[in-house]
Amino acid sequence: MRSINDIPIHVLSPDETLTGQAEAVLSEIADLLGRLLETGEAGSIDLRSLPLSPADRDWLNAKLGRGEVEIVLEAGGRSVLTETAYAGVWKVQHCDTEERVVSEFIEVAYIPAIVRPAGADIENAYEKLQSDLKQIS
Amino acid sequence: MDKEETLLDHMEREGMSRRTFLKYCASLASLMALPPSAAAAMAEALGKAKRPSVIWLPFQECTGCTESITRSHTPSVEGLIFDMISLDYQETLMAAAGHQSEEALQTAMKENFGKYVLIVDGSVATGLDGAYSCIAGRSNLDLLKEAARGAAAIIALGSCAAFGGIPKANPNPTGAVAVSDIIKDKPIVNISGCPPIPVVITGVLAHYLTFGTLPELDGLGRPKAFYGETIHDRCYRRPFYDQGKFAKTFDDEGARKGWCLFELGCKGPVTYNACATTKWNDSTSFPIESGHGCIGCSEPDFWDAGGFYKALSTPANPLKYVGAAAAIGVAAGAAVSVANRASKNAAKAAHEKTTLSDIEK
């Protein structure tokens, strides 16, 4: 072997493994977005449950692009919620404490549900803040 | 953790936030094939769940099932669920040995009579009155009958416990049978696979904790959430099958392009399991993604079902329909799935004994 170019590696274009499934996901997102506008009802798509090839994933990511907002959640591992170029369409990736991806969704909502704090948590926060203030004064 | 404590109490004590729990539930719902919208309802029910006693008996097995489950035992969804059960007897994992461990088993059965979940891995030897496989001087057959009496439900973990598995393969010298061949009066969930997917067992436990009932089962006693569709139905190479694009050898142009492995003996079309979606090795990939066909390990008698490298149409006539459809490259996926399901029993009956030439193909 004279040079590295002699190693018989055949490079494939990612287009060759596109299955056409990602297009279907994109139209489902469009349907969900229409429903959000009409009824205010949020929707989501579980990306793990779909037979997408790596090329399909890349295609979908490229089509969705990036928006202005990125939310990072530190709760039992990192979660990243990224707004896509389409307002109201979010990419949600949950990782565990060992940084392994445990679930991936496309969420169609004004704000992804997990971001909004629960009423009970705000009640607890209010009580705690009041007792902390008492201790200061 | 106290047995009366709920999961929500336990979480708060451990300093886990509500969002962390919601995140776990979203991931659990995903792996249980529930719609993403079910996560909130699940969080509410799971939060109120109590900790059940679990007794795990190993029979004619290779410990592969235990390896599979414990490999997922990290601070994750599975870890959370395992924290939620009281695993009172498990020979491989428990610290006690000998008489101590047998005492632990008797105590757990007595204290939780009628309420514990019994997990069995391995098949049950029935030859020579069960003498082929004994623990502490008692046959598996005897132990199973005793432990099943007080069980609320039984989980037959792995293809051996579910269907007899490799010990039952021809000529079955030990007279190995499945748990369901012995126990007829208790609800049994079969979690087949060699080994089963770790998250399937945690998914079944999560379902039991969330709803207080066992999940909906298919005709072979397997939870539909995980075994409702074939590997083929959810395979990312499926579109190539529909387009009639097949790899003919493991190193040809088609194999490199990731085309369908049907003609190389993939058993995906007749195998019900969740490998294509939940995947293996921390969700890295599954056999087809690594370029090898499915061997059908979650189906009954997979070991005797012809060669792993023989295309499905070869061993049995009824399945020739699949071969014909594939050859002309029609998009008859759904029809083929139905045809496969209907012809599976016929195919089983017609299966030949594996010969060396089958493996060499």
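I began with Ser103(A), which counts as buried because 26 C-beta neighbours lie inside 10 Å. The criterion I used calls a residue buried if 20 or more other C-beta atoms lie within 10 Å of its own, exposed if 12 or fewer, and partly exposed in between, with C-beta atoms placed from the backbone. I note that this is a predicted model, in which local features need pLDDT of at least 70 and side-chain atom pairs count only at pLDDT 80 or more, while totals for chains, interfaces and linings use all residues. Residues are numbered from 1 along each chain as its sequence is written, and chains are lettered from A and ligands numbered from 1 in the order in which they are written.

**Entry 1: surroundings of Ser103(A)**

I located Ser103(A) in strand β5 of chain A. Helices (H or I, at least four residues) and strands (E, at least two) are DSSP runs, numbered from the N terminus. Leaving out residues up to four places away in sequence, I found Ser103(A) touching Arg48(A) and His94(A), as well as Ala26(B), Ser27(B) and Ser30(B). Contact here requires C-beta atoms, placed from the backbone, within 7 Å.

**Entry 2: the contact between the chains**

I then looked up the whole contact, which takes 30 residues from chain A and 29 residues from chain B. On the side of chain A that touches chain B, β1 (43–46) and β5 (101–108) of chain A each supply at least two residues. The largest share of that side, 4 residues, comes from β5(A). By class, that side has 10 nonpolar, 13 polar and 7 charged residues. Ala, Val, Leu, Ile, Met, Phe, Trp, Tyr, Cys and Pro count as nonpolar, Asp, Glu, Lys and Arg as charged, and the others, Gly among them, as polar.

**Entry 3: chain A as a whole**

I recorded 3 helices and 5 strands in chain A, in the pattern α-β-α-β-β-β-β-α along the sequence. The radius of gyration of chain A is 21 Å, well over the 14 Å that the globule rule gives for 137 residues, so chain A is more spread out than a compact globule. The radius is taken over C-alpha atoms, and the rule is 2.2 Å times the number of residues to the power 0.38. Buried residues make up 26% of the 137 residues in chain A.

**Entry 4: the sheet of chain B**

In chain B I traced an open sheet of 5 strands, ordered β2-β1-β3-β7-β9 with parallel pairing. Strands pair if DSSP finds at least two bridges between them. The edges are β2 (86–90) and β9 (188–191) of chain B, each with a single partner strand, so one side of each is left without a neighbour in the sheet. I counted 6 bridges between the parallel strands β3 (residues 116–121) and β7 (residues 151–157) of chain B, and Leu118(B) stands opposite Ile154(B) in β7(B). Helix α10 (residues 198–211) of chain B packs on the sheet, touching β3, β7 and β9 of chain B.

**Entry 5: loops of chain B**

I checked two cis peptide bonds: Asn170(B) to Pro171(B), with omega near 5°, and Cys194(B) to Pro195(B), with omega near 0°. Pro195(B) is placed in the loop between β9 and α10 of chain B. I also noted Ala136(B), whose phi is near 50°, a positive value in a residue other than glycine. Ala136(B) is exposed, with 11 other C-beta atoms within 10 Å.

Technical notes: Contact = placed C-beta atoms within 7 Å. Axes fitted to C-alpha atoms, helices over the stretch in contact; angles between N-to-C directions.
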